[in-house]
Amino acid sequence: MNLVAVLKRVDFKNILKVIGIGLSRPHLVLPTVKATKDCIAVSTQNYGKLHHKNGPANAFRHAFWNYLIAKRCFNWHSNEETVLAWAKKVTDWHEDSFPNQPLPRAMDLHNNEVGRLVFTQNLLKSELEIVALMKQMTSESVKIDTDTDLSEYKNRMVHILEQ
């Protein structure tokens with residue numbers, strides 16, 4: 001992840017917003033950055049470049065990213081509510097800073113929430129166990145369209161494109 005390249009894609013308002021987010025919990029910034037890098041590596045290792053498209057691999061990446069941020073930050077701040085709120089704040093910032101069309105945005109936000117739910121339900125499992133669980137969930141991901149009621153799939157990953 002090239003920080004300079006990322007910052008060039010983000011407007012000034014969102015740069016200030018992420019600085020504010022980081023300053024609100026500075027001890028969670030490094031585990032979040034590490035979780036982000038590791039999530040990309042695991043996603044690439046398991047799905048190649050497919051995780052950059054709006055298919056099941058992308059659902060995996062978003063869910064795993066949220067799980068991993070919460071898990072890694074939980075090691076630094078052992079309050080479940082705090083780390084879940086942090087993961088949501090960081091990943092919502094990402095969705096706001098790198099705008100998407102409405103359906104892909106809804107898909108990403110939904111899969112982010114699934115990842116946080118997996119964290120709450122699997123606090124004692126290892127990251128390797130979670131990768132296996134999420135790969136299974138990815139294989140069962142539901143294809144959605146603009147008419148889909150995402151509330152029907154609270155515990156399931158969703159995707160737009162078949163891969």
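1. A residue counts as buried when its relative accessible area is under 20%. Cys 39 has a relative accessible area of 1%, so Cys 39 is buried. The structure is a predicted model, and the points below should be read with that in mind.

2. Cysteines. A disulfide is a covalent bond between the sulfur atoms of two cysteines. For a pair to be counted here, the two sulfur atoms must lie within 2.5 Å, and the count comes to zero disulfides. Cys 39 is in no disulfide; its nearest cysteine sulfur belongs to Cys 73 and is 13 Å away. Cys 73 is likewise in no disulfide, with the sulfur of Cys 39 as the nearest cysteine sulfur, 13 Å away. Cys 73 is buried, at a relative accessible area of 0%.

3. Helix 4 against helix 6. Two packed helices are described by the angle between their axes and the distance between the axes. Helix 4 covers residues 56-74 and helix 6 covers residues 102-121; their axes come within 7 Å and cross at roughly 40 degrees. Helix 4 is therefore oblique to helix 6. The crossing of helix 4 past helix 6 is right-handed.

4. Residues of that contact. From helix 4, the residues that meet helix 6 are Asn 58, Ala 59, His 62, Ala 63, Asn 66, Tyr 67, Ala 70, Lys 71 and Phe 74. On the helix 6 side they meet Met 107, Asp 108, Asn 111, Asn 112, Gly 115, Arg 116, Val 118 and Phe 119. By class, the contact of helix 4 with helix 6 holds eight nonpolar, six polar and three charged residues.

5. Helix 5 against helix 6. Helix 5, residues 80-97, packs with helix 6 at an angle of about 165 degrees, and the axes are 11 Å apart. An angle over 145 degrees counts as roughly antiparallel, so helix 5 is roughly antiparallel to helix 6. Helix 5 passes helix 6 in a right-handed crossing.

6. Residues of the second contact. Helix 5 contributes Glu 80, Val 83, Leu 84, Ala 87, Lys 88, Thr 91, Asp 92, Glu 95 and Asp 96. These meet Arg 105, Asp 108, Leu 109, Asn 112, Arg 116, Phe 119 and Thr 120 of helix 6. The contact of helix 5 with helix 6 divides into five nonpolar, three polar and eight charged residues.

7. Two further residues of helix 6. His 110 lies in helix 6 and is buried, with a relative accessible area of 11%. Apart from neighbours within four places in sequence, His 110 is in contact with Leu 150, Tyr 153, Lys 154, Arg 156 and Val 158. Leu 103 is also in helix 6. With neighbours within four places in sequence again set aside, Leu 103 is in contact with Ile 144, Asp 145, Thr 146 and Ile 160. Leu 103 and Leu 150 are 47 residues apart along the chain, and their C-alpha atoms are separated by 11 Å.

8. Lys 53. Lys 53 sits in the loop between helix 3 (29-47) and helix 4. The C-alpha atoms of Lys 53 and His 94 are separated by 16 Å, and the two residues are 41 residues apart along the chain.

Technical notes: Residues are numbered from 1 along each chain as its sequence is written. This is a predicted model: local features need pLDDT of at least 70, side-chain atom pairs count only at pLDDT 80 or more; totals for chains, interfaces and linings use all residues. Side-chain values use heavy atoms; hydrogens and water are left out. Axes are lines fitted to C-alpha atoms, for helices over the stretch in contact, and angles run from 0 to 180 degrees between N-to-C directions. Helices (H or I, at least four residues) and strands (E, at least two) are DSSP runs, numbered from the N terminus. Angles under 35 degrees count as roughly parallel, over 145 as roughly antiparallel, 65 to 115 as roughly perpendicular and the rest as oblique. A crossing is left-handed if the near helix is turned anticlockwise from the far one by less than a right angle, and right-handed if clockwise. Contact means heavy atoms within 4.5 Å. Ala, Val, Leu, Ile, Met, Phe, Trp, Tyr, Cys and Pro count as nonpolar, Asp, Glu, Lys and Arg as charged, and the others, Gly among them, as polar. Buried means under 20% relative accessible area, exposed over 50%, partly exposed in between (1.4 Å probe, protein chains only).
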